[in-house]
Amino acid sequence: MKPDQQIIMLTNAEWIALDPIVPINIVAWSSDTGVFKIGNGTDIWSDLDYSAGKLIGNKYVESDREPVDQEELRFCSAEDKWIFKLKGCFLSETEITTITTTIYPKFCVIGEVSDSTGYPTGRYKICDGVNTFVNIPWIDYTEQYFDTDGTLTANSDVLLATQKATKTYADTKISLSDVDTDGTLAANSDSKVPSQKAVKTYSDTKIPSTYLDTDGTLSANSDTKIASQKATKTYADTRIPNSYLDTDGTLAANSDTKIATQKSVKTYSDTKVPLTYLDTDVTLAVNSDSKVATQKAVKTYADAIAEQSIAMAIVFGG
């Protein structure tokens with residue numbers, strides 16, 4: 001029998017009456033007959049075959065040969081199995097108090113059963129045919145397989161943690177009461193731990209990192225990307241601050257530090273003479289009421305008139 005195998009002990013009649021599916025690797029022990037079956041997690045008890053041998057003192061008997069001496073017997077005990085023919089029985093704690101002076105035959109195994117639970121306590125004695133029962137040392141197989149260390153540092157596949165050790169260890173972990181299943185994480189707590197589902201639910205409401213654009217030029221110019229705060233600031237810092245924009249359509253500030261908005265430029269410009277109304281013809285031949293001569297055209301035309309006047313004055317003796 002392996003150390004990590006668990007035993008369920010019922011009488012043979014109880015096994016027949018219940019006939020359950022025996023979990024895998026569980027030993028279904030008939031306490032009154034000593035025979036047992038090992039579950040496979042699929043078949044009911046009645047469909048399982050009996051294992052060869054018997055359990056005596058929680059050990060598996062594989063041979064009809066009697067041991068040569070106590071040392072051979074103890075060696076096989078350390079290997080977690082009896083390979084010899086043994087005789088023995090289980091007695092209650094009360095019954096054991098009545099046999100303290102009895103001398104039992106060599107290699108007789110007597111196991112102890114709890115008065116309160118009716119189950120083996122894990123202690124047994126191997127008699128030597130010489131000493132009285134009270135002088136035979138108890139062998140406690142729970143000491144071999146049960147771990148009482150509350151840190152479970154052994155992390156063993158062959159040891160079983162006691163209930164106390166399990167509780168001590170578990171109490172150092174996160175309690176179920178500390179697990180928050182709220183998908184909004186509204187508690188925003190330093191003492192709560194969100195469950196995996198809560199984390200996923202909350203995270204699914206956020207922007208996936210694949211949608212964040214960290215490029216400070218915003219060159220993607222995308223409808224499916226969201227600029228990060230840093231990218232937004234980097235880009236915005238290359239633009240004209242609102243405080244520098246002048247919305248006054250008269251441009252009265254006439255400033256070297258202000259920039260007129262498109263609207264203010266249009267408003268101001270619309271009060272001026274359109275280019276289509278400017279006449280650059282230095283002869284002013286159009287002689288129009290809807291045209292405006294440019295400064296150059298006016299100067300050229302006026303200079304020509306002045307020169308003509310001077311010439312005439314000279315000709316006519318002026």
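A salt bridge here is a side-chain nitrogen of Lys or Arg within 4 Å of a carboxyl oxygen of Asp or Glu. By that rule, this structure has six salt bridges.

A word on the basis. This is a predicted model: local features need pLDDT of at least 70, side-chain atom pairs count only at pLDDT 80 or more, and totals for chains, interfaces and linings use all residues. Residues are numbered from 1 along each chain as its sequence is written, and side-chain values use heavy atoms, with hydrogens and water left out.

Now the overall picture. The protein chain has nine helices and 19 strands. Those are DSSP runs, numbered from the N terminus: H or I over at least four residues for helices, E over at least two for strands.

How much of the protein chain is buried? Of its 318 residues, 24% count as buried. Buried means under 20% relative accessible area, exposed over 50%, and partly exposed in between, with a 1.4 Å probe and protein chains only.

Next, contacts, meaning heavy atoms within 4.5 Å. Take those in the protein chain with a separation of 6 or more: 20% of them join residues 24 or more positions apart.

Asp 204 pairs with Lys 200, the closest N and O atoms being 2.9 Å apart. Both Asp 204 and Lys 200 are exposed.

Asp 237 forms a salt bridge with Lys 233, again with closest N and O atoms 2.9 Å apart. Asp 237 is exposed at 54% relative accessible area. Lys 233 is exposed, with 54%.

Then Asp 303 and Lys 299, with closest N and O atoms 3.0 Å apart. Where do these two lie? Both are in helix 9 (residues 295–315), four residues apart, about one turn of the helix. Asp 303 is partly exposed at 35%, while Lys 299 is exposed at 53%.

Last, a nonpolar surface patch. Ile 174, Leu 176, Val 179 and Val 193 form it, with about 370 Å² of accessible area together. Patch residues have over 30% relative accessible area and no salt bridge; like charges are joined within 9 Å, nonpolar side chains (Val, Leu, Ile, Met, Phe, Trp, Tyr) within 5 Å. Val 179 sits in strand 12 (residues 179–180). Val 179 counts as partly exposed because its relative accessibility is 32%.

Note on methods. Accessible areas come from the Shrake-Rupley method with a 1.4 Å probe; for residues, only the protein chains shown count as cover.
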